[in-house]
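Thanks for coming, everyone. Let me put the sequence and the model on the screen. I'll begin with one residue and then move to the whole chain.

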Amino acid sequence: MANVAVIGAQWGDEGKGKIVDWLAERADMVVRFQGGHNAGHTLVVGENVYKLSLLPSGIVRGTPSFIGNGVVLDPWALKDEIARLGAQGVTATPETLRIADTCALILPFHRDLDGLREDASGAGKIGTTRRGIGPAYEDKVGRRAIRVCDLAHLDDLGPQLDRLTAHHDALRAGFGEPPIDRARLIAELREIAGFVLPFAKPVWRDLNAARSAGKRILFEGAQGVLLDVDHGTYPFVTSSNTIAGAAAGGSGLGPSAVGFVLGIAKAYTTRVGSGPFPTELENETGERLGVRGHEFGTVTGRKRRCGWFDAVLVRQAAAVGGITGIALTKIDVLDGFETVSICTGYSLRGETLDYFPAHAADQALVEPIYETMEGWQETTAGARSWADLPAQAIKYIRRIEELIRCPVTLVSTSPQRADTILVRDPFSD
């Protein structure tokens with residue numbers, strides 16, 4: 001049985017939470033491998049709605065869940081999220097949740113810096129969630145980070161704090177902010193350490209043992225390929241690699257362990273925050289997609305920008321992301337449209353492109369080339385087999401497969417867990 005990695009094939013918010021939750025029934029464990037609590041995964045189970053940011057989606061089913069070393073961890077956000085889920089009857093214990101002891105921590109001054117930079121950027125705002133994700137990754141790469149394992153050795157933290165404060169105090173001074181209060185920071189870390197450390201483990205060791213025992217591992221990504229720091233719409237991207245290759249480095253397993261890569265894509269396109277968006281519809285149609293799709297960010301509550309499906313971008317995401325098959329979500333949002341359109345290419349200064357150019361100036365100028373198809377008036381909501389789908393909806397799905405050069409493996413027809421059409425079982429490959 002194959003392991004499966006789930007990644008977003010657009011700009012995030014594609015419905016990964018539901019798909020991971022659905023697949024978690026077939027998995028022995030679920031691993032988050034990058035990002036932080038800037039991710040937003042919504043799970044709908046019957047009448048219950050669970051909103052996750054940091055915890056792997058498998059936690060709701062009780063599937064053993066791991067936070068890998070590629071994640072940046074806000075320990076206070078973790079505590080709040082565990083408490084919130086506990087109030088909904090979902091319990092996270094050291095038996096059901098394990099956190100890599102090498103995770104870099106998001107600290108209060110990371111959140112401060114994130115907000116200060118955004119406020120000072122004017123028209124250059126990236127549109128971050130202001131949760132300190134980027135600054136924490138910067139400290140990790142700069143070898144200044146405080147990690148989960150450091151919480152057990154706070155008395156030895158002096159040299160690391162020297163490096164950290166030398167960097168951040170200079171930045172803070174530039175914004176007119178006071179230096180980091182080291183005594184207060186240590187006190188806050190001592191207070192939270194007792195909560196975090198029982199979950200801390202050498203996750204790489206546990207995962208390698210599970211793989212040797214033939215266990216099925218489900219890797220859960222955050223954001224989407226188009227937000228990848230290397231392959232996304234730079235600089236309007238996240239601070240980590242969101243492609244399937246990151247699952248290996250961010251969990252402590254080798255590349256051969258990743259297995260089937262399931263890319264999640266909406267049947268249309270959305271984006272939160274700033275950055276290029278060729279198929280964005282700033283009209284009644286875009287508003288209709290947003291209202292029908294309830295397009296508001298799980299983490300920020302920000303309204304998502306909406307547009308037609310962009311086959312060029314998803315084809316590119318599938319190629320660089322290593323995607324084996326696509327899970328197409330929210331097909332029901334397109335019910336009732338007289339016609340539906342798919343972007344099949346771009347026009348840039350009179351030239352036709354079959355890829356998204358790298359430079360922001362070119363990205364802003366591309367014009368989508370559309371192919372328009374007849375829509376369907378019947379409902380797809382709640383469909384659980386191909387036979388339940390209107391013929392035109394099946395045509396639309398098949399055309400998307402042709403254009404993105406990747407098969408559709410799953411189709412999601414509502415937020416509900418069971419409203420899913422399985423075309424090909426990723427775990428069987």
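Where is the place of Arg417? Arg417 lies in the loop between strand S19 (408-412) and strand S20 (420-422). Helices (H or I, at least four residues) and strands (E, at least two) are DSSP runs, numbered from the N terminus.

A word on the source. This is a predicted model: local features need pLDDT of at least 70, side-chain atom pairs count only at pLDDT 80 or more, and totals for chains, interfaces and linings use all residues. Residues are numbered from 1 along each chain as its sequence is written, and side-chain values use heavy atoms, with hydrogens and water left out.

Back to Arg417. Setting aside residues up to four places away in sequence, Arg417 touches Lys18, Asp21, Trp22, Val44, Val45, Val60 and Arg61. Contact here means heavy atoms within 4.5 Å.

Now the whole protein. It has twelve helices and 20 strands. Its radius of gyration, taken over C-alpha atoms, is 22 Å, close to the 22 Å from the globule rule (2.2 Å times the number of residues to the power 0.38) for 429 residues, so the protein is as compact as a globular protein of that length. The C-alpha trace spans about 65 × 50 × 40 Å along its principal axes.

How many of the 429 residues count as buried? The figure is 55%, with buried meaning under 20% relative accessible area (1.4 Å probe, protein chains only).

Last, contacts along the chain. Among those between residues at least 6 apart in sequence, 76% join residues at least 24 apart.

Note on methods. Buried means under 20% relative accessible area, exposed over 50%, partly exposed in between (1.4 Å probe, protein chains only).
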